[in-house]
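Subject: Structure handover

Hello,

Here is the structure I promised to pass on. Please open it first, then read the notes below.

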Amino acid sequence: MVFNVLRRLSTETAVVRRCVVHRLRVPAISPAVVPARSFTDPVQDIVQPPFDASLLEVLVCPLSKKPLRYEAETNELINDDHGIAYPIINGIPNMIPQDARLIQKGSDASTQE
């Protein structure tokens, strides 16, 4: 009885291995399938997706943990306290401090002196 069980296990395993080997073959994809763009094709302006203003309720400055304001003209999130502007790329805020740019603080800081 043990011999029969072992024989069935060995033959069934071999059958499974043969089926798996034959089904794992992936057809080759030729690079000619992708159409190449020529220089005469008209270039379309890429429109940036709009920024979702509801994110301002959740997003804060990673350095000061203070709320940010959205500047539509420059498409940036501004931290007025530190004078930092975080860019928005393809509708996604880039909140990495190294990628942010420094901006001048408002004129009210110079009038208080």
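One definition before the findings. Buried means under 20% relative accessible area, exposed means over 50%, and partly exposed lies in between (1.4 Å probe, protein chains only).

This is a predicted model, so local features need pLDDT of at least 70 and side-chain atom pairs count only at pLDDT 80 or more, while totals for chains, interfaces and linings use all residues. Residues are numbered from 1 along each chain as its sequence is written, and side-chain values use heavy atoms, with hydrogens and water left out.

Salt bridges

How many salt bridges does the structure hold? There are four. The term stands for a side-chain nitrogen of Lys or Arg within 4 Å of a carboxyl oxygen of Asp or Glu. Helices (H or I, at least four residues) and strands (E, at least two) are DSSP runs, numbered from the N terminus.

Start with Lys66 and Asp81. Their side chains form a salt bridge at 3.6 Å, N to O. Lys66 sits in the loop between α1 (2-23) and β1 (69-71), and Asp81 in the loop between β2 (76-79) and β3 (84-89), so the pair ties together parts 15 residues apart in sequence. Lys66 is partly exposed, at 41% relative accessible area. Asp81 is also partly exposed, at 41%.

Next, Arg69 and Asp80. The closest N and O atoms of this salt bridge are 3.0 Å apart. Arg69 is in strand β1 and Asp80 in the loop between β2 and β3, eleven residues apart, so distant parts of the chain are linked. Both ends are partly exposed: Arg69 at 34%, Asp80 at 43%. A network of salt bridges links Arg69, Glu71 and Asp80.

Then Arg101 and Glu76. Here the closest N and O atoms of the salt bridge are 2.8 Å apart. Arg101 lies in strand β5 (residues 101-102) and Glu76 in strand β2, so the pair ties together parts 25 residues apart in sequence. Arg101 is partly exposed, at 40%. Glu76 is buried, at 8%.

Asn75

Asn75 is in the loop between β1 and β2. Is Asn75 buried or exposed? Asn75 is buried, with a relative accessible area of 19%.

A polar contact of 3.1 Å joins the side chains of Asn75 and Tyr70. That term means a pair of N or O atoms within 3.5 Å; within protein, one must be able to donate a hydrogen and the other to accept it, and residues adjacent in sequence count only if both atoms are side-chain atoms. Beyond its neighbours within four places in sequence, Asn75 is in contact (heavy atoms within 4.5 Å) with Tyr70, Pro87 and Ile88.

Best wishes
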